[in-house]
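Colleague: Before the labels are used, could you go through what they rest on?

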Amino acid sequence: MSTLAIETKDLGRIYKLRGNKKKEARKELIALQDVNLTVKKGELFGLLGPNGAGKTTLIKILTTLLSPTSGWAKVAGADVDREPDLVRPRINMVSGGESSGYGLLTVRENLWMFSQFYGVPSKEANERIEALLEMIGMKDRMHTKSSDLSTGLRQKMNIVRGFLTEPEVLFLDEPTLGLDVGAMRDVRKFVLEWLRADKERTLLLTTHYMMEADELCDRVAIINKGRVLACDTPTALKQKLQKDVLFEIHTSPLNGLTPQMLVDQPEVTKAAITETETGAKLSLSLVEESALARVINLFTQKDIKVMNLNKREPTLEDVFVDLVGRSMAEEEDSGQPE
Amino acid sequence: MQTSTSWRSFRTAAWLGWVIESNWTDPFLFAVYSIVKPLSGAAILVIMYGVITEGNFDSALFPYIYLGNAFYIYVGAVMTGVSWAVVDDRELYKTLKYMYIAPINIPIYLLGRGGARFIVGSIAVLITILTGVFFLNVNINLAEVNWGLFFVSLTIGVIMLALIGLMLAGWTLITARHEGFIGEAVAAALYIFSGAVFPLDVLPEWLRPVGYFMPTTYWLELLRRSLVGDVAQAFPTLSQFSNLEILGVMIGLSILFGLVSVWVFKICDNIARENGMIDRTTNY
């Protein structure tokens with residue numbers, strides 16, 4: 001039995017866009033190109049990229065909503081294009097940033113209805129609804145019409161809808177888009193609790209929030225303009241970018257300490273000093289974190305006090321910039337449709 | 001497994017459709033709307049008829065057009081109800097994609113949504129007919145009604161309308177703009193070509209074959225014959241055919257339209273999936 005929850009091979013998708021005028025030739029937009037990914041069962045896998053990178057297109061293909069134009073994809077062992085009926089009972093999806101749902105129905109009715117489409121017995125469905133609403137902190141809104149919910153609560157209801165059917169593979173497409181900080185925190189906590197409750201559960205998350213991917217995901221694929229540029233654990237991605245460890249240290253006056261004295265220490269590769277009102281700010285690049293002890297020892301010899309010490313590691317944003325040459329925000333400004 | 005999937009798709013969709021249809025306002029307003037809407041439609045026809053015939057409500061023509069118009073409510077309710085579910089779910093509720101990824105039978109789901117509209121439509125049809133009987137001299141003798149023919153015709157006709165609705169739902173899926181008008185346009189065309197309010201003989205000769213090809217023509221004729229047999233038979237369009245012959249033609253055409261509808265829906269469904277149209281919204 002395969003240990004893979006998701007597998008894609010040379011997956012591609014080209015959209016044909018009609019021009020404004022009827023006689024205008026159709027333009028082609030490459031939304032996905034040669035995407036090769038494998039996601040293991042039990043993994044929380046992240047797709048990280050700017051708007052228009054192709055994340056939603058990939059999710060649409062994996063959830064059987066859209067046919068690929070090249071390559072193939074399997075979810076839960078079944079081909080999404082040829083065997084959609086085998087895929088659907090085993091998946092679910094939640095899209096963020098939209099107010100979907102039947103406003104005339106209460107939260108419970110909305111959720112119960114979807115559970116029925118998945119064949120969950122009514123009694124069991126009601127128990128699950130209650131438990132999940134409790135987990136996400138909106139049990140008290142169970143009998144509220146969904147049209148009366150705030151955007152954040154409606155989004156939470158949708159998240160519960162996705163989890164309610166206990167899918168083997170769950171797709172979350174920007175689930176925290178448009179939520180306030182508190183709601184985002186609730187959702188992330190909920191996602192992790194749900195995933196950890198069963199090792200067979202797999203979750204594919206798309207996001208353009210770097211911190212979200214870093215915090216939640218076991219592995220991350222960085223995607224831009226339809227291509228997967230890198231795929232690894234967040235830590236490994238950052239380590240590949242920069243092997244040195246970065247520190248930023250605020251100290252009392254340096255008493256004659258120079259950058260060269262610091263670089264002369266073993267395993268200190270770079271040192272920069274900036275004078276401040278109260279003393280100095282040092283930026284150090286170390287081969288190993290253990291080299292910090294030698295630096296601190298030098299401070300002691302020079303009677304320098306450490307006021308503040310921060311370890312600064314490369315972020316996924318740094319990784320993205322390194323791979324693409326531009327920040328995510330700059331990429332989004334290029335305006336390719338998702 | 002397949003039966004179970006189809007049944008839960010239909011049952012839950014019908015429940016959803018009914019909740020949407022009946023809960024958009026408070027019960028009192030819903031009741032008023034359910035009565036006023038069909039009566040307003042009938043009133044327009046009655047007034048027009050009264051003006052043109054100078055108040056000759058005793059003519060056999062009146063129950064003919066009155067009942068045709070009353071049962072035509074089902075066309076708008078069931079046929080348009082099925083196709084409108086696509087517009088509702090995709091544009092308004094933004095849930096169509098979630099329906100599509102669920103392990104349900106989408107055509108059956110859409111038919112279930114139409115099923116709810118059948119209930120609402122039945123209320124309107126009943127109110128319209130009762131008004132005709134009690135206030136407008138539409139004479140239906142319950143003892144002479146051919147109930148067997150009535151219920152068989154009604155059932156087959158409603159299924160036929162739902163299946164035509166499925167074809168329109170497929171068309172709606174692949175239509176980017178103005179998809180909401182598809183059902184209305186087809187319903188209006190059928191109104192002219194099905195002999196709903198006038199015999200097909202009124203149409204120019206070259207247009208009559210269109211009417212003869214529509215299963216709705218035979219459906220309405222059978223419903224009228226089953227309720228007011230003699231009056232309906234007095235009209236020339238299908239008078240040379242027996243009830244059984246008309247029923248046979250209706251069943252044959254219903255099967256043909258049903259098969260074509262399912263086929264068209266499948267093609268449109270594939271096109272929608274290939275072109276990413278299932279969750280596309282037009283934002284107006």
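Modeller: Helices are DSSP runs of H or I with at least four residues, strands are runs of E with at least two, and both are numbered from the N terminus. Residues are numbered from 1 along each chain as its sequence is written, while chains are lettered from A and ligands numbered from 1 in the order in which they are written. This is a predicted model, in which local features need pLDDT of at least 70 and side-chain atom pairs count only at pLDDT 80 or more, whereas totals for chains, interfaces and linings use all residues.

Colleague: Where is Glu267(A) by that numbering?

Modeller: Glu267(A) sits in the loop that runs from α9 (259-263) to β12 (268-275) of chain A. Its phi is near 70 degrees, a positive value in a residue other than glycine.

Colleague: Why is Glu267(A) called partly exposed?

Modeller: A residue is buried if 20 or more other C-beta atoms lie within 10 Å of its own, exposed if 12 or fewer, and partly exposed in between, with C-beta atoms placed from the backbone. Glu267(A) has 16 C-beta neighbours inside 10 Å, so it counts as partly exposed.

Colleague: And Asp303(A), what makes it exposed?

Modeller: Asp303(A) has 9 other C-beta atoms within 10 Å and is therefore exposed. Its place is the loop between α10 (291-301) and β14 (306-312) of chain A. Phi of Asp303(A) is near 60 degrees, again a positive value in a residue other than glycine.

Colleague: How do you know that Ile159(A) counts as buried?

Modeller: Ile159(A), a residue of helix α5 of chain A, has 25 C-beta neighbours inside 10 Å, so it counts as buried. Over chain A, buried residues make up 41% of the 338 residues.

Colleague: Which residues does Ile159(A) touch, not counting residues up to four places away in sequence?

Modeller: Contact here means that the C-beta atoms of two residues, placed from the backbone, lie within 7 Å. On that basis Ile159(A) touches Val94(A), Ile136(A), Pro175(A), Val187(A) and Phe190(A). Pro175(A) is 16 residues from Ile159(A) in sequence, and their C-alpha atoms are 7.5 Å apart in space.

Colleague: Why are α5(A) and α6(A) described as roughly parallel?

Modeller: Two packed helices are described by the angle between their axes and the distance between the axes. Axes are lines fitted to C-alpha atoms, for helices over the stretch in contact, and angles run from 0 to 180 degrees between N-to-C directions. Angles under 35 degrees count as roughly parallel, over 145 as roughly antiparallel, 65 to 115 as roughly perpendicular and the rest as oblique. Helix α5 (residues 151-164) and helix α6 (residues 181-196) of chain A pack at about 10 degrees, their axes 11 Å apart. The two helices are therefore roughly parallel to each other.

Colleague: Which residues make the contact, and how do they divide by class?

Modeller: From α5(A) come Gly152(A), Lys156(A), Ile159(A) and Phe163(A), and from α6(A) come Ala183(A), Val187(A), Phe190(A) and Trp194(A). Ala, Val, Leu, Ile, Met, Phe, Trp, Tyr, Cys and Pro count as nonpolar, Asp, Glu, Lys and Arg as charged, and the others, Gly among them, as polar. The contact has 6 nonpolar, 1 polar and 1 charged residues.

Colleague: What makes β2 and β5 of chain A edge strands?

Modeller: Two strands pair if DSSP finds at least two bridges between them. The order in this open sheet of 4 strands is β2-β1-β4-β5 (chain A), with antiparallel pairing. β2 (27-40) and β5 (78-79) each pair on one side only, and they are the edge strands.

Colleague: How many bridges join β1(A) to β2(A)?

Modeller: There are 10 bridges between these antiparallel strands, and Leu17(A) has Lys27(A) in β2(A) as its bridge partner. Strand β1 (residues 4-17) is joined to strand β4 (residues 70-75) of chain A by 5 bridges, also antiparallel. There Thr8(A) stands opposite Ala73(A), and Gly12(A) has Ser70(A) as its bridge partner.

Colleague: What are the domains of chain A?

Modeller: Chain A is divided into domain 1 (4-240) and domain 2 (243-312), bounds that come from an automatic or database domain assignment. Their C-alpha centres lie 45 Å apart.
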